[in-house]
Amino acid sequence: MSEDLAFLSATALAGRFAQGRLSPTEALEAVLARVERLNPRLNAIIALDEHGARAAAAASTARWRAGLPLSPLDGVPFTVKDNIAMAGLPCAWGSPLFAGGVPERDELLVARLRAAGLVPLGKTNVPEFTLQGYTSNPVFGPTRNPWNMALTPGGSSGGAVAAVAAGLGPLALGTDGGGSIRRPASHAGLVGLKPTPGRVPRCDGLPAILLDLEQIGPIARTSADLIAFLALLAPPDARDPLSHALPPFAVPAVPGRQRILFVPRFGANPVDPEIAASTAAAAARLAELGHHVEEGAPPFETEMLAALFNPIGQAGLAWLLAARGGEASAPMLREMAEAGRALPATALFAALDGIAALRRRMASFFTAYDLILTPAAAALPWPAEEVAPPVIDGQAVGPRGHAVFTNFANLAGLPGLALPSRPSSAGLPIGFQLVGQPGADGLLCALAREWEAAEPWPLWQEAGWTRHSGKRDPGVRNSDPNHASSSTHSP
């Protein structure tokens with residue numbers, strides 16, 4: 001019973017609260033029991049607020065009994081990525097430089113969710129300064145993938161996706177500055193959205209070292225949960241001018257026939273064959289659902305993306321470290337900061353000008369197409385202690401070789417959605433990415449709902465992905481968390 005409660009969706013929990021069949025306190029205790037059992041091995045949640053969560057759940061229980069919930073998700077547990085401020089809990093950002101910091105106030109969205117009655121569990125693990133594509137740091141160590149605990153869930157929202165996938169709360173706040181929601185969601189069998197800049201307002205947070213390239217976004221197990229969660233996050237706030245530049249968040253009842261450009265690879269960058277096959281199958285299935293899907297090349301020079309993205313991250317990290325008076329721990333980040341210190345202002349301005357040009361170019365592209373479809377990641381999950389896979393499909397790659405598909409959406413200011421697709425032969429999750437024009441967050445959510453109805457990924461997970469892999473694993477609820485092997489493994 002407890003295990004079943006821990007895997008109920010957010011909307012299912014809220015439905016039971018409304019019917020009086022379950023209380024938020026009972027739901028929380030089921031999740032806390034699972035946190036106690038699994039988190040020591042997963043290392044997804046690095047700061048847990050049991051006392052605060054129990055108090056919030058008790059207050060929510062009283063509201064539901066009185067018929068006075070604060071929102072449709074009142075009483076639902078959620079976690080907060082450790083680069084989002086949460087009052088009273090550490091905000092270490094994966095770095096010894098920030099490890100002792102405890103904010104006195106919530107970042108805007110945490111405060112908004114508290115006011116809506118949701119139950120904050122605690123903080124989830126990140127790589128240092130959330131600038132790497134796996135999840136480990138010198139403060140808290142590595143986070144492991146619930147589907148195989150020898151492997152990484154990716155990053156930088158690795159702790160967030162590991163928590164949701166393992167039943168440690170049905171919802172998570174993540175951030176995405178170059179794919180940090182979409183890639184980890186694809187590695188964990190989840191749905192995750194990087195919103196349009198301004199769709200989810202920000203205020204009272206950490207320094208914005210990636211400018212508007214980074215957005216806070218929702219991570220969930222189902223499309224209904226994602227939509228309900230985003231509806232609470234999306235209202236504009238006067239302190240974030242970008243949030244007033246978009247029409248109100250709304251999800252159409254049906255997405256209609258969309259013109260989709262399917263881009264299976266970016267130039268010569270390799271893609272794991274199973275990911276390539278899974279994404280191609282998703283493209284074919286979307287065509288069967290009535291969308292116009294056309295395969296082609298990306299509508300930009302892929303080799304220019306790093307030249308636009310790198311100066312922002314380098315300069316932002318160098319500025320942060322100078323202001324903090326310290327140094328990064330990871331060698332890759334020290335090199336990145338050194339490059340930022342040596343970067344001339346003209347190079348930074350050139351990158352900003354190039355980003356503006358890319359945004360104009362993509363605006364023109366969206367007169368002919370509605371969406372771009374790509375793999376969410378180029379590699380399957382790799383060992384949890386390693387920064388990145390050194391080889392993909394037999395070809396040596398650099399530390400960002402697995403991450404080539406996602407950062408164009410951040411650079412171009414576009415919303416991007418990761419959705420589960422056919423898993424690997426070993427049962428590991430695979431996801432694909434849909435990217436739309438600015439403001440198309442609601443359309444992407446409608447497509448998520450359509451895709452889940454046609455290809456119900458929660459059922460794949462319930463059955464150990466037997467529908468496509470032909471194999472049975474122990475299941476996401478029942479396997480032994482103390483056993484790890486190279487085969488597919490779920491807690």
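Student: In which sense do S2 and S3 pair, and over how many bridges?

Tutor: Strand pairing is read from the bridges between two strands. In this predicted model, S2 and S3 pair in the parallel sense, over four bridges.

Student: In which sense does strand S1 pair with S3?

Tutor: The pairing of S1 (residues 45-48) with S3 is antiparallel and comprises three bridges. Within it, leucine 48 has glycine 122 of S3 as its bridge partner.

Student: How many residues of strand S3 are buried?

Tutor: Burial is judged by relative accessible area, with under 20% counting as buried. Strand S3, residues 119-124, is mostly covered, and six of its six residues are buried.

Student: Where is the place of asparagine 83, and where is that of glycine 100?

Tutor: Asparagine 83 lies in the loop between strand S2 (77-81) and helix H5 (108-115). Glycine 100 is likewise placed in the loop between S2 and H5.

Student: Does asparagine 83 count as buried or exposed? And what of glycine 100, buried or exposed?

Tutor: Asparagine 83 counts as buried because its relative accessibility is 3%, and the limit for buried is under 20%. Glycine 100 counts as exposed because its relative accessibility is 72%, where exposed means over 50%.

Student: Which side chain is joined to that of asparagine 83 by a polar contact?

Tutor: The side chain of threonine 175 is joined to that of asparagine 83, by a polar contact of 3.0 Å. Setting aside neighbours within four places in sequence, the residues in contact with asparagine 83 include Cys91, Trp93, Glu107, Arg202 and Glu214.

Student: Which residues have the most contacts inside the largest nonpolar core?

Tutor: They are Leu118, Leu171, Leu173 and Leu419, in a core of 56 residues. Another core, of 46 residues, lies apart from it, with Ala330, Ile372, Ile392 and Val435 among its members.

Student: Which residues does leucine 171 touch?

Tutor: Not counting residues up to four places away in sequence, leucine 171 touches, among others, Ala10, Leu73, Phe78, Leu118, Ile219 and Phe229.

Methods
Residues numbered from 1 in each chain as written. Predicted model: local features only at pLDDT ≥ 70, side-chain atom pairs only at ≥ 80, totals over all residues. Heavy atoms only, no water. Buried < 20%, exposed > 50% of the residue type's maximum accessible area, 1.4 Å probe, protein only. Polar contact = N/O pair within 3.5 Å; in protein donor to acceptor, adjacent residues only side chain to side chain. Contact = heavy atoms within 4.5 Å. Pairing = 2+ DSSP bridges. Core = buried A, V, L, I, M, F, W, Y, C linked by side-chain atoms within 4.5 Å.
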